[in-house]
Amino acid sequence: MRKYQRMAVAALTLCLCASTAFAGNIDMNYVGEVDSFTGAPIDAVTEGPLAQTQISSLVDYDSKNGCFAIYADRSGGDCLYSNIVPDMVVTEKVFFRSKLLKDAQLYRNGTLVENVEWSAISEPGLYKLTLGDETTPGAFSVAFTILDKTAAQLAIFQPPRGFFVTDVTRDEGETKWSDAAVPLEEDGHYQITYQCAATEELFTLDVIIDHTPPTLALVNVVDGIASGAVSLADLEPGAHIGVSFNGEAIKPPEVLTQSGNYMLQVVDIAGNSSTYQFTISVYFNGTGLAFIGLVFASIAGIVAYLWYSKTHLRVR
């Protein structure tokens, strides 16, 4: 009996030594499938990119969720999930997901946005998302731009950090560009393709650039003086007009007829603006004719009175 006990103890000791040897190469914190022979982890993704691919110092691409992970501090582990990276320019909606958003503020064109819908930010503008107080030195922020399909405020396109331009067309033709910048001074329909260096994924900015201010014909206006009615009918499609009459804003009519001082502010669909100022003098429309008739009637009345007084003057 003692012989068999000694043999069992020896076998148990051998098994313990073998398991200790294997454990030296095993991550004891790993949770997932393991090899039944070696105990080594079996990777969930065996082909394609890793679940987290580093794009830049604070940005990863999360292939599992199909979005970017933006870190305020990698040591902290918390991040913002989004369909954009810092300094990206898009024409689509932007979303953010994170528990960090409870302490975040969003500014559009320098103005704080109230009641932010973090899942669908769509209004065109220059944005900055900040965590904590914006006035705190070194406060973390994410800047991005949303453009209309037709835009004026972009003079140059630069890809975000970790990306480079691969192709550009303007009105389906060639134009000047480099892998780091695309000049947009000339009007036209631009299609800019740029690539993520880490994941090789392609992105496209499709936008019409329009820097040309809107114009109005303003028939009858010469050197700031209108000799007749002024039509606003040639306002280009999509443009908006504001009208001020003698210093007060009025609802824009199709035709301006009343005499007085006018200022027109025209803004086109791209955001370009033009200002016109002129004066409509009294002219021969219904109102003008009535006024002139009243003046002549008054003069005629005065002349008639004087003539009557002279002819009926009695000399004593």
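Helices (H or I, at least four residues) and strands (E, at least two) are DSSP runs, numbered from the N terminus. With that convention in place, I turn to the structure.

What you see is a predicted model, in which local features need pLDDT of at least 70, side-chain atom pairs count only at pLDDT 80 or more, and totals for chains, interfaces and linings use all residues. Residues are numbered from 1 along each chain as its sequence is written, and side-chain values use heavy atoms, with hydrogens and water left out.

I begin with the chain as a whole. The chain contains two helices and 24 strands. Of its 316 residues, 30% are buried; buried means under 20% relative accessible area, exposed over 50%, and partly exposed in between, with a 1.4 Å probe and protein chains only. The chain exposes about 20,500 Å², and carbon and sulfur atoms supply 57% of that area. Accessible areas come from the Shrake-Rupley method with a 1.4 Å probe, and for residues only the protein chains shown count as cover. As for contacts (heavy atoms within 4.5 Å), if we take those between residues at least 6 apart in sequence, 42% join residues at least 24 apart.

Next, S82. This residue belongs to strand 4, residues 79-82. Is S82 buried or exposed? S82 is buried, because its relative accessible area is 0%. Two polar contacts involve its side chain. By a polar contact I mean a pair of N or O atoms within 3.5 Å; within protein, one must be able to donate a hydrogen and the other to accept it, and residues adjacent in sequence count only if both atoms are side-chain atoms. The side chain of S82 reaches the backbone nitrogen of I84 at 3.2 Å, and a polar atom of that side chain lies 2.7 Å from the backbone oxygen of F95. Leaving out residues up to four places away in sequence, S82 touches C67, F68, I70, V94, F95 and F96.

A pocket here is defined on a 1 Å grid over the protein atoms alone, as an open set of points where a 1.4 Å probe fits, with protein on both sides within 12 Å along at least five of seven lines; lining residues have an atom within 4 Å of a point. The largest pocket has a volume of about 210 Å³, a volume being the space filled by probe spheres set on the points, which are joined across faces, edges and corners. By class, the lining has seven nonpolar, three polar and two charged residues. Ala, Val, Leu, Ile, Met, Phe, Trp, Tyr, Cys and Pro count as nonpolar, Asp, Glu, Lys and Arg as charged, and the others, Gly among them, as polar.

Further along is Y107, in strand 7, residues 104-108. Y107 counts as buried because its relative accessibility is 16%. Y107 and L129 are 22 residues apart in sequence, and their C-alpha atoms are 6.4 Å apart in space.

Two loop residues follow. D171 lies between strand 13 (163-170) and strand 14 (182-183), and has a positive phi of about 50° although it is not a glycine. With 48% relative accessibility, D171 is partly exposed. L218 sits in the loop between strand 16 (202-209) and strand 17 (221-222), and its phi is near 50°. L218, at 9%, counts as buried.
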